[in-house]
Every structure is written in C-alpha cells, then in structure tokens.
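Biologist: I would like to go through this chain with you. Please tell me what each term rests on.

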Amino acid sequence: MSGPSTPRAAEGAMGRGYGRHSRVQHRAADHGMPLLRRALEAVPLPADGAPFRAADLGVAAGTNSLEPMRAVVEGVRARTGEDTPVTVVHTDIPTNDFDATFATITGSPDSYAHEPDVFVHAQARSFYEPLFPPAELHLAWSSIAVHWLSRVPAPVPDHIWSARATGAVREALRERSRSDWQTFLAHRSRELRPGGQLVVLGGASADDGSSGAEGLMDTADATLRGLMGRGLITPDEYAGMTIPTWNRTHEEFLAPLRSGPLTTTLRLEESSLVRLPDIHQDHLRATGDSDAYAEEVTAFFTAAFAPSLLSALHPTTDTPAVSDAFTTALHHRITTDPAATETHWHVVLLRITRL
C-alpha cells in the first residue's frame, strides 16, 4: 500500500447516499445561480438551429445538477423564443457512480432531461484532462468540485485534512492545487467557444488557509485514531489517509486569471468569497436533537469523504467492518460534543468569459 511519503492518485468518488446527504453542497450552488443566469444572458447563442452545448463538470450523484441545468435550458430558450436543442454532458471521474447519476437525472419527475430536444450524455474522465474538442462548448458549470486534487503528493502527517499540513507537505499540496487549477482552466479555455462562459463554485478557504471545517475534520481524525487504538486499522493505514482536497484562498483562485498565459484567452467577469451557514447546526438549535444532528453530519461526512479515507486500507482489511465502526464512533463523538463540529464552509464564486 502507499506509504506516508508516496504520492498516490486521488480517490474523489462520492459514497453511497451522497445525493441524499449533499444539502450543504446544494446550499453552495444556490449562491452560484445568479452568476449562471448572468452567464446565460452574456453567452453568444448558436445560429441556424444548432444545439447549445453545456458541460456539468463534477456531477457526482446528479442531485445538485438538476436546478442549474434546468436554468441552462430555460435561459437559452427564453432568449431564442423556441425549443433550441440543448446538449448537456455530465462529467466525473471513472469511479463515480454513473448509475446513480442517471437514475437521478432521468428519474426525477421535474428533471430538465424530460424537456423536448434536450440530450443528456456523460463523460467518465477527470476534468484535469481534455474533455471536449476545441471550441465545442458554449457554457461550462462546475459546483463544489475543483477543490478535489488530481493526486495527493504526500499524505498529511498525523492528520487527514490538508489544512492541518505544515512545512514541505503543505507546500507540496499547495503546488499540486496550483498546477491542477491551471490545468483545469487551460483545458476549458480550449474547449469553450469565443464568448463562452465558465461558472465555477469552488470549495475555498479564508486568507489564513482555514476552510471553516477544521472542527469537523479534527473530530473525524480523532475517530480514526480511536479505531487505530482498537486495532481496527494499522498505523500504516492511518498514515495513508488524507482527504485529497485543497481549499484555495480567493487569491489562489484568481492568480492565473490575473497574470500569465491564460489572461490572453480568459477574462474574469465576477468573483466573490462567501461563508456558508451551518444548516445542520441551525437545525440543532431549532430542535435540540443532538442525535438527529449527529446523524445528519455523520451521513454528510461519510458520503463525501469516507471513500477517500477507506481507499488507504490494505486489501486484506475488512473494509465494511472498518466503515461501520467509523460511522458508529463518529456519530458518538458528534453526539457527545455537537459544538465541536460546527462548520462554515468557504466558497469562491467565479464567472469567466472565453475571449
């Protein structure tokens, strides 16, 4: 297995039930809808009945793609005054559960996919790779996905969360993030048509590097240490557990759009940094039900991050048993001290034009 200093591919696939437990991500997407609507007002439309081509980059289970892709279809047709054909391509890494994605997109009764002349496709490839031919897209949307790294240069010593890294490991993660973001933008600059629009909602951090989730991550880390103390995971397995993300600061997001080669092809139109409310804590304060709170937060964490952590287990380890033990222990810790896991995620909102 990977040792503590060995780079390994990132495991960013979402866990079972992600669609049901991604209300935090959906709340973040709400902040991006005004940018998406302005992008749809600005983008040049296809002529002569040609289809409008949109990409949803990082679809996961598809739950949080329904509203923005409906906005795309409706926004285009409001401008053309007719049922302009719209092609939507949902992309994610090959290990994504595309069965769940299409069950959501085709099974939801109010899905945009049921509109006439709407064509839905999927692309099982990382958005850090080329996804489309040059000048193929009119619009690309990515919501709460670009904080996932293409790979982990080195696990974080004595923790699972990149914001807790120090020294050379922290700099290696920052550099991996910088390179990934540059690569993401470079591919989109080739794939978008002139005047094409890119809207990105990115998991971010404050200027001091804090993501707003440190308490939750410390609790999860302590839970894994407890499993190690019980002999359910080995020290080597724990040492390989790093959530493969880096939450960039606002300035880290803007840097390649302010100087360098991408400034000749991409123009930043809008950017802002928002701090999300903790919807689970809000519910706890309203109900006083710490057990229900723990259930919600545990489900959110395990759906979003457990697959990455469990990928560090040795092939002979009983992964389902470790997963169950982790879920139970995390729930207990959160119930015991709900205040310790109050979380206020930071999100950067960007609208970018292809020149």
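Biologist: What is the accessible surface of the chain, and how much belongs to carbon and sulfur atoms?

Modeller: The surface is about 14400 Å². Carbon and sulfur atoms hold 52% of that. Areas come from the Shrake-Rupley method with a 1.4 Å probe. The model is predicted: local features need pLDDT of at least 70, side-chain atom pairs count only at pLDDT 80 or more, and totals for chains, interfaces and linings use all residues. Residues are numbered from 1 along each chain as its sequence is written, and side-chain values use heavy atoms, without hydrogens and water.

Biologist: What share of the residues counts as buried?

Modeller: Of the 355 residues, 54% do. Buried means under 20% relative accessible area (1.4 Å probe, protein chains only).

Biologist: What makes the crossing of α9 and α10 right-handed?

Modeller: A crossing is right-handed if the near helix is turned clockwise from the far one by less than a right angle. α9 passes α10 that way. Their axes, lines fitted to C-alpha atoms over the stretch in contact, with angles from 0 to 180 degrees between N-to-C directions, come within 9 Å and cross at roughly 140°.

Biologist: Which residues make the contact?

Modeller: Among them are F301 of α9 and F326 of α10. Contact means heavy atoms within 4.5 Å.

Conventions: Helices (H or I, at least four residues) and strands (E, at least two) are DSSP runs, numbered from the N terminus. Buried means under 20% relative accessible area, exposed over 50%, partly exposed in between (1.4 Å probe, protein chains only).
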